[in-house]
Amino acid sequence: HIPKHAAALRAVPLERLLVETDSPDQLPRALSAADAVVPSEWGLSLSAPRRDDEGSMNEPAMLRGICAGLAGLLGVDAEE
């Protein structure tokens with residue numbers, strides 16, 4: 001993560017935080033490598049990001065992992 005992004009995230013009250021996947025061409029950093037594997041703790045049926053002719057695709061299925069990463073930065077449980 002980039003420190004200024006983490007600081008901005010921490011400045012937002014948790015009840016005001018909205019997480020969405022509106023960036024189909026921007027995967028989470030952990031999945032950006034061509035041989036990336038979706039971490040099993042994300043609980044997805046995908047073993048790797050889906051790919052098209054332009055590269056990997058972000059999709060709503062990745063939201064659980066994105067939330068887990070944000071929760072880690074905030075020091076809270078992902079369910080919050």
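A nonpolar core is a set of buried Ala, Val, Leu, Ile, Met, Phe, Trp, Tyr and Cys residues joined through side-chain atoms within 4.5 Å; buried means under 20% relative accessible area, exposed over 50%, and partly exposed in between (1.4 Å probe, protein chains only). The model shown is predicted, with local features needing pLDDT of at least 70 and side-chain atom pairs counting only at pLDDT 80 or more, while totals for chains, interfaces and linings use all residues. Residues are numbered from 1 along each chain as its sequence is written, and side-chain values use heavy atoms, with hydrogens and water left out.

**View 1. The largest nonpolar core has 7 residues.** Its members are Leu-27, Leu-31, Ala-36, Val-38, Trp-42, Leu-46 and Met-62. Leu-46 touches Val-38, Glu-59, Ala-61 and Met-62, leaving aside residues up to four places away in sequence; contact means heavy atoms within 4.5 Å. In the protein chain, 20% of the 80 residues are buried.

**View 2. The protein chain holds 2 helices and 2 strands.** Helices (H or I, at least four residues) and strands (E, at least two) are DSSP runs, numbered from the N terminus. Along the sequence their pattern is α-β-β-α. The C-alpha trace spans about 40 × 25 × 20 Å along its principal axes. Of the contacts between residues at least 6 apart in sequence, 46% join residues at least 24 apart.

**View 3. Helix H2 covers residues 63-74.** The expected span of a helix is 1.5 Å times one less than its number of residues. For the 12 residues of H2 this gives 16 Å, which agrees with the 16 Å between its end C-alpha atoms. Just after H2, Gly-75 takes a positive phi of about 75°.

**View 4. Leu-63 is in helix H2.** Leu-63 counts as partly exposed because its relative accessibility is 26%. Not counting residues up to four places away in sequence, Leu-63 touches Val-19, Glu-20 and Thr-21. Ser-32 is 31 residues from Leu-63 in sequence and 15 Å from it in space, C-alpha to C-alpha.

**View 5. Ala-33 and Asp-35 are in the loop between H1 and E1.** This loop runs between helix H1 (3-11) and strand E1 (51-52). Ala-33, at 37% relative accessibility, counts as partly exposed, and Asp-35, at 66%, counts as exposed. From C-alpha to C-alpha, Ala-33 and His-5 are 21 Å apart in space and 28 residues apart in sequence. Asp-35 and Gly-55 are 12 Å apart by the C-alpha atoms, with a sequence separation of 20 residues.

**View 6. The second largest pocket contains about 260 Å³ of space.** On a 1 Å grid over the protein atoms alone, a pocket is an open set of points where a 1.4 Å probe fits, with protein on both sides within 12 Å along at least five of seven lines; lining residues have an atom within 4 Å of a point. Grid points are joined across faces, edges and corners, and the volume is the space filled by probe spheres set on the points. The lining has 13 residues, with Val-19, Glu-20, Ser-23, Asn-58 and Ile-66 nearest the centre of the pocket. By class, 7 lining residues are nonpolar, 4 polar and 2 charged. Ala, Val, Leu, Ile, Met, Phe, Trp, Tyr, Cys and Pro count as nonpolar, Asp, Glu, Lys and Arg as charged, and the others, Gly among them, as polar.
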